[in-house]
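Good morning, and thank you for coming. Today I would like to take you through one protein model.

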Amino acid sequence: MSSAPWWKSAKAIEAESFSDWQELRTEDGLVYYFNRKTQETTWDKPAELMSEEEKAYESNWVWVPDETEVYVAGRIIDDSGAAQVAVEMENGGERMCSRASLISMKQSSLQRIVSDLTLL
């Protein structure tokens, strides 16, 4: 029988054995990270625990202006233009946007969306 805790994946345990970071979950099942050395807690997966694919996917997330939803999440996929960039939307579509209209964000913040009415 394994001595590993039942709530952790083998991948998480392997990554933690080489890092000060520990992957944990809230009571609601949301993943967060704790640094055993510095006592820092973060929702964002630390770079030292990410695979190369995760590092590439995690970068370039932005809030994109939308006529219906005000802002929607997207990821810059081509920023070679001076004023316009290509953005991949969460629904899989692509959109050209003005660089100045975008607001940078961290993709991990999408797992903790709270209804505006609950904040009132």
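I shall begin with the chain as a whole and then turn to one pair of side chains.

Please keep in mind that this is a predicted model. The protein chain contains three helices and eight strands.

Next, the surface and the interior. The protein chain has 120 residues, and 27% of them count as buried. Its accessible surface comes to about 8700 Å². Carbon and sulfur atoms account for 52% of that surface.

Taking the contacts between residues at least 6 apart in sequence, 28% join residues at least 24 apart.

Let me now turn to the aromatic rings. How many aromatic pairs does a search of the whole structure find? The search finds one. The partners are Y32 and W43, and their arrangement is edge-to-face. Their ring centres are 6.2 Å apart, with 70° between the planes. The pair counts as edge-to-face because the angle between the planes is over 60 degrees.

Where do these partners sit in the chain? Y32 belongs to strand β2, residues 31–35, whereas W43 lies in the loop between β3 (41–42) and α2 (52–58). The pair therefore ties together parts that are eleven residues apart in sequence.

Finally, consider how accessible each partner is. Y32 is partly exposed, with a relative accessible area of 22%. W43 is also partly exposed, and its relative accessible area is 31%.

Thank you for your attention.

Methods:
Residues are numbered from 1 along each chain as its sequence is written. This is a predicted model: local features need pLDDT of at least 70, side-chain atom pairs count only at pLDDT 80 or more; totals for chains, interfaces and linings use all residues. Side-chain values use heavy atoms; hydrogens and water are left out. Helices (H or I, at least four residues) and strands (E, at least two) are DSSP runs, numbered from the N terminus. Buried means under 20% relative accessible area, exposed over 50%, partly exposed in between (1.4 Å probe, protein chains only). Contact means heavy atoms within 4.5 Å. Accessible areas come from the Shrake-Rupley method with a 1.4 Å probe; for residues, only the protein chains shown count as cover. Rings of Phe, Tyr and Trp (its six-membered ring) pair if their centres lie within 6.5 Å; planes under 30 degrees apart count as stacked, over 60 as edge-to-face and the rest as tilted.
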